[in-house]
Amino acid sequence: MKLAIIDYGAGNLRSVVKAFNYIGEDCVVTSDRDTIHSCSGIVLPGVGAFREAVNKLEAKGLVDILKKEANDGKALFGICLGMQLLFEQSYEFGQTDGLGFIKGSVEKIDTNGQDLKIPHIGWNTLKFNERSNLFNGIEDNSYVYFVHSFAAKTDSKNVTAYTDYGSAVVAAAENKNVCGTQFHPEKSGEVGLKILKNFCNTVRHDNFTCN
């Protein structure tokens with residue numbers, strides 16, 4: 001099994017690759033359509049602004065291949081901004097269309113009037129909603145690492161985990177073979193590595209079951 005780590009100029013690729021290699025998984029950093037097609041699963045990292053990321057995906061001709069592969073049933077895992085890109089649109093610096101795999105939008109974090117800093121940076125806990133194979137063996141209230149100013153707004157049926165930052169913030173979402181985490185599993189210690197292992201197991205056994 002090999003994973004395609006999508007290279008579009010907006011991802012923290014080195015730490016993602018290092019994490020997958022650490023758990024013994026084969027991956028390739030690529031923006032080549034044929035290579036992406038040949039891989040068993042896809043990982044879409046992301047750091048930065050939504051609109052710029054979409055523009056970079058389009059410039060590299062990656063939007064169509066990502067949609068084709070995911071719509072054909074291939075497992076796709078978005079990380080941080082990569083998860084936000086899975087939604088229909090974002091309102092960061094104006095409205096921008098996303099990939100549309102999960103219904104909903106990306107909006108600025110609502111701290112519910114509490115004196116909390118934006119961006120939300122640091123360790124926070126997971127509260128599970130819909131159980132997902134992505135979180136097999138992960139306990140409620142496990143700590144993971146976040147860095148973000150915007151977060152997804154979507155129907156609760158699409159949400160596999162929340163975190164609390166003044167209000168309930170979507171920490172992970174899933175729709176069939178497409179999933180994502182707002183936090184960085186590659187920076188979340190043993191818990192994060194376990195999540196990455198779980199993703200690889202879903203790829204091997206084709207057993208996404210959340211929705």
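## Close-up views of a predicted model

**View 1. A proline in the loop between two strands.** P119 is found in the loop between β7 and β8, the latter formed by residues 120-125. The structure shown in this and every other view is a predicted model. A cis peptide bond joins I118 and P119. The omega angle of this bond is about 10 degrees.

**View 2. An open sheet of four strands.** The strands of this sheet follow the order β6-β5-β7-β11, and their pairing is mixed. The edges are taken by β6 (96-97) and β11 (150-153), each of which has a single partner strand, so one side of each is left without a neighbour in the sheet. Strands of a sheet pair through backbone hydrogen bonds, either parallel or antiparallel. Between β7 (residues 102-108) and β11 the sense is antiparallel, and four bridges connect the two.

**View 3. Strand β13 and its two hairpins.** Strand β13 covers residues 168-175 and is mostly covered, with six of its eight residues buried. Its antiparallel pairing with β12 (residues 159-164) runs over five bridges. The hairpin formed by β12 and β13 has three residues between the strands. In the turn of this hairpin, G166 has a positive phi of about 90 degrees. Strand β13 is also joined to β14 by four bridges, and these two strands run antiparallel. The hairpin of β13 and β14 has two residues between its strands, and there K176 takes a positive phi near 60 degrees. Residue A172 links the two pairings: A172 is the bridge partner of A161 in β13, and the bridge partner of A172 in β14 is T181.

**View 4. Helix α6 and its packing.** Helix α6 consists of 17 residues, numbered 189-205. From its first C-alpha to its last, α6 reaches 25 Å, close to the 24 Å expected at 1.5 Å a residue. The buried residues of the helix are G192, L193, I195, L196, N198, F199, C200, T202 and V203. An α-helix has 3.6 residues a turn, so residues three or four places apart point the same way. The elements against which the buried residues of α6 pack are the strands β1 (2-6), β3 (41-44), β4 (75-79) and β14 (178-181), together with helix α1 (13-22). Just after the helix, D206 takes a positive phi of about 50 degrees.

View 5. N198 is a residue of helix α6. Its relative accessibility is 4%, and N198 therefore counts as buried, since the cut-off for a buried residue is under 20%. When neighbours within four places in sequence are left aside, N198 is in contact with N133, L134, F135, N136 and I138.

**View 6. Helix α4 and its packing.** In helix α4, formed by residues 62-71, the buried residues are L62, V63, I65, L66, E69 and A70. These buried residues pack against the strands β1, β3, β4 and β14 and against the helices α2 (33-38) and α3 (50-59). Just after α4, G73 takes a positive phi of about 105 degrees.

**View 7. The largest pocket.** About 170 Å³ of space lies in the largest pocket. The pocket is lined by 13 residues, of which V47, G48, C80, V147 and H148 are the closest to its centre. Sorted by class, the lining has five nonpolar, six polar and two charged residues.

View 8. C80 is located in the loop between β4 and α5. Although C80 is not a glycine, its phi is positive, at about 55 degrees. Is C80 buried or exposed? With a relative accessible area of 7%, C80 is buried. N141 lies in the loop between β9 (127-128) and β10. N141 is likewise not a glycine, and its positive phi is about 75 degrees. With a relative accessible area of 37%, N141 is partly exposed.

Terms used: Residues numbered from 1 in each chain as written. Predicted model: local features only at pLDDT ≥ 70, side-chain atom pairs only at ≥ 80, totals over all residues. Heavy atoms only, no water. Pairing = 2+ DSSP bridges. Expected span 1.5 Å × (residues − 1). Buried < 20%, exposed > 50% of the residue type's maximum accessible area, 1.4 Å probe, protein only. Contact = heavy atoms within 4.5 Å. 1 Å grid on protein atoms, 1.4 Å probe; cavity = no way out; pocket = protein on both sides within 12 Å on 5 of 7 lines; lining within 4 Å. Points joined across faces, edges and corners; volume = space filled by probe spheres on them. Nonpolar A, V, L, I, M, F, W, Y, C, P; charged D, E, K, R; others polar.
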